[in-house]
Amino acid sequence: MIITMLLMIQNRLGIYKKKKYLVSGPSNRSKVYRLIECFKMVFEQFIIFVKEYPDVIVTTGAGFVIPTCVFARLFRKKVIYIETFAKMNEPSKAGVFIYKYNIANLFLVQHKKCLEYYPKAVYGGWIY
């Protein structure tokens, strides 16, 4: 199962044969509209989560996945977070949130330097 933002990868999804879901993404509109979109995105992810009820969530970040990870923890499912390979000089916002609130059962980093930001993380090297 793949959950991704509608705006980011919609043209590439044809390569995947399994289930796929597109959720609303952020926009550059007013703060009120962004807040409404945020609630819509959380609702969409909750519906997908309840429908699929996965045993494990594996993610490489992007802030829009945070609600799904929170749902997984609330329903006592496993969360594996892989800090994106692109972030080696500073932590990602999603990574900081997931790490700070101990949402992931396993938090992996792909650069040893990232262990400075996430001391309890596991260094996995180049994963993907």
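Where is the place of Asn102 in the chain? Asn102 sits in the loop between H4 and strand S5 (106–109), and point 6 comes back to it. Here are my notes on the rest.

1. **What we are looking at.** This is a predicted model, in which local features need pLDDT of at least 70 and side-chain atom pairs count only at pLDDT 80 or more, while totals for chains, interfaces and linings use all residues. Residues are numbered from 1 along each chain as its sequence is written, and side-chain values use heavy atoms, with hydrogens and water left out.

2. **The overall layout.** The chain has four helices and six strands; these are DSSP runs numbered from the N terminus, with helices being H or I of at least four residues and strands E of at least two. Read from the N terminus, the order is β-α-β-α-β-α-β-α-β-β. Of the 128 residues, 35% count as buried, where buried means under 20% relative accessible area, exposed over 50%, and partly exposed in between (1.4 Å probe, protein chains only). Among contacts with a separation of 6 or more, 40% come from residues 24 or more positions apart; a contact means heavy atoms within 4.5 Å. The chain exposes about 8,600 Å², and carbon and sulfur atoms supply 61% of that (Shrake-Rupley method, 1.4 Å probe; for residues, only the protein chains shown count as cover).

3. **Helix H2, inside and out.** H2 covers residues 31–52, and its 22 residues should span 32 Å at 1.5 Å a residue; the end C-alpha atoms are 31 Å apart, which agrees. The expected span here is 1.5 Å times one less than the number of residues. Glu37, Met41, Gln45, Ile48 and Phe49 are the buried residues of H2. Seen down the axis, they fall within an arc of 110°, so they line one face of the helix; the arc is that of the directions from the helix axis to the C-beta atoms. An α-helix has 3.6 residues a turn, so residues three or four places apart point the same way. Val32, Ile36, Phe39, Phe43 and Lys51 are exposed on the other side of H2.

4. **A nonpolar patch worth a look.** H2 gives the largest share of the patch, four residues. Tyr53 follows H2 and has a positive phi, near 45°. Tyr53 is placed in the loop between H2 and strand S3 (56–59), and is partly exposed at a relative accessible area of 39%.

5. **One salt bridge.** A search of the whole structure finds one salt bridge, meaning a side-chain nitrogen of Lys or Arg within 4 Å of a carboxyl oxygen of Asp or Glu. The side chains of Lys77 and Asp55 form it (3.6 Å, N to O). This pair links distant parts of the chain, 22 residues apart: Lys77 is in the loop between helix H3 (66–74) and strand S4 (78–82), and Asp55 is in the loop between H2 and S3. Lys77 counts as buried at 15% relative accessibility, whereas Asp55 is exposed at 55%.

6. **Positive phi values to check by eye.** Most residues other than glycine have a negative phi, and most peptide bonds are trans. Arg76 is not a glycine, yet has a positive phi of about 55°. Arg76 lies in the loop between H3 and S4 and is exposed, with a relative accessible area of 78%. Just after H4, Asn102 takes a positive phi of about 50°; Asn102 is exposed too, at 53%.

7. Ala94, Gly95 and Ile98 are the buried residues of H4. They cover an arc of only 100° around the axis, which puts them on the same side of H4. These buried residues pack against H3, S4 and S5, while Lys93 and Lys100 are exposed on the other side of H4. Phe97 also lies in H4 (residues 93–100) and is partly exposed, at 31% relative accessible area. Leaving aside neighbours within four places in sequence, Phe97 is in contact with Ile66 and Ile103. Phe97 and Gly63 are 34 residues apart in sequence and 9.0 Å apart in space, C-alpha to C-alpha.
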